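This report describes the fold of one protein chain, from its overall form down to individual residues. The sequence and the model are shown first.

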Amino acid sequence: MAQYRKRRIVHGPNKNEEKVRRAQEAGRQADTLKVRFPQVSRLSLKLTMTNPQSGQSEVVERSLGPGDACELTVACPGRCGVGKFDVSAMVQASIEAQQASADASAACPEVLFAGLPDTCGYKLDCHLEVAYAPAPAA
């Protein structure tokens, strides 16, 4: 009669799972506010999303410090389900122009149903405030 050995019990993730986890952590750490915009000490966003059908508004406020992840996209809460608002271009332009505050707006261009001209139409109004780090003494 052949004897079989019991399988070894795995107590943790394997090396491939660890490798993926380390890569994800490195990616998260690399995309902080300090890395993307070194001259900025604080970034405040006030996002107002307005429903075109009912006119109801949803307000989201974000405040980012130097060590916070710099995520500058917002998912559209509308019926399209796939729309995204990207405010990174506005933030980049404001910081390059050394503006302390800026305003912008955009509408979700996603089509609700294929073949119809109707779009989602959710509107995003964004107010941005930037606090710059003091320049190093020369």
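**Overall form**

The structure is a predicted model. Its chain contains 3 helices and 6 strands, which follow one another along the sequence in the pattern α-α-β-β-β-β-α-β-β. The radius of gyration is 23 Å, well over the 14 Å that the globule rule gives for 138 residues, so the chain is more spread out than a compact globule. Along the principal axes, the C-alpha atoms fill a box of roughly 80 × 60 × 25 Å.

Of the 138 residues in the chain, 25% are buried. The chain exposes about 10,000 Å², and carbon and sulfur atoms supply 52% of that area. Among contacts with a separation of 6 or more, 59% are between residues 24 or more positions apart.

**The sheet and the helix across it**

Four strands form an open sheet with antiparallel pairing, in the order β2-β1-β6-β5. Its edge strands are β2 (57-64) and β5 (101-107), each of which pairs on one side only. From one strand to the next, the twist averages 15°.

The pairing of β1 with β2 is antiparallel and extends over 8 bridges. Serine 44 has serine 63, in β2, as its bridge partner. Helix α3 lies across β1, β5 and β6, and runs at about 35° to β6.

In soluble globular proteins, nonpolar side chains tend to be buried together. The largest nonpolar core of this model has 27 residues, of which Phe37, Leu43, Leu72, Val91 and Leu128 touch the most other members. At least two residues of this core come from each of β1 (40-50), α3 (88-96) and β6. The largest share, 5 residues, is supplied by β1.

Beyond four places in sequence, its contacts include Leu43, Ser44 and Leu45, together with Met90, Val91 and Ser94. Leucine 128 also touches Ala100, Ser101 and Ala102.

Valine 130 lies in strand β6 (residues 123-132), whereas threonine 32 lies in the loop between α1 (15-30) and α2 (33-36). Their relative accessible areas are listed below.

| Residue | Relative accessible area |
|---|---|
| Valine 130 | 9% |
| Threonine 32 | 11% |

Why is valine 130 classed as buried? Its relative accessible area is 9%, and buried means under 20%. Threonine 32, with a relative accessible area of 11%, is buried as well, because the limit is under 20%.

Threonine 32 touches Pro66, Gly67, Asp68, Ala69 and Cys70.

A further distance places valine 130 in the chain. Valine 130 and proline 77 are 53 residues apart in sequence, and their C-alpha atoms are 26 Å apart in space.

How values were computed:
Residues numbered from 1 in each chain as written. Predicted model: local features only at pLDDT ≥ 70, side-chain atom pairs only at ≥ 80, totals over all residues. Heavy atoms only, no water. Buried < 20%, exposed > 50% of the residue type's maximum accessible area, 1.4 Å probe, protein only. Core = buried A, V, L, I, M, F, W, Y, C linked by side-chain atoms within 4.5 Å. Contact = heavy atoms within 4.5 Å. Pairing = 2+ DSSP bridges. Axes fitted to C-alpha atoms, helices over the stretch in contact; angles between N-to-C directions. Rg over C-alpha atoms; globule rule 2.2 N^0.38 Å. Areas by Shrake-Rupley, 256 points an atom, 1.4 Å probe, with all protein chains shown as cover.
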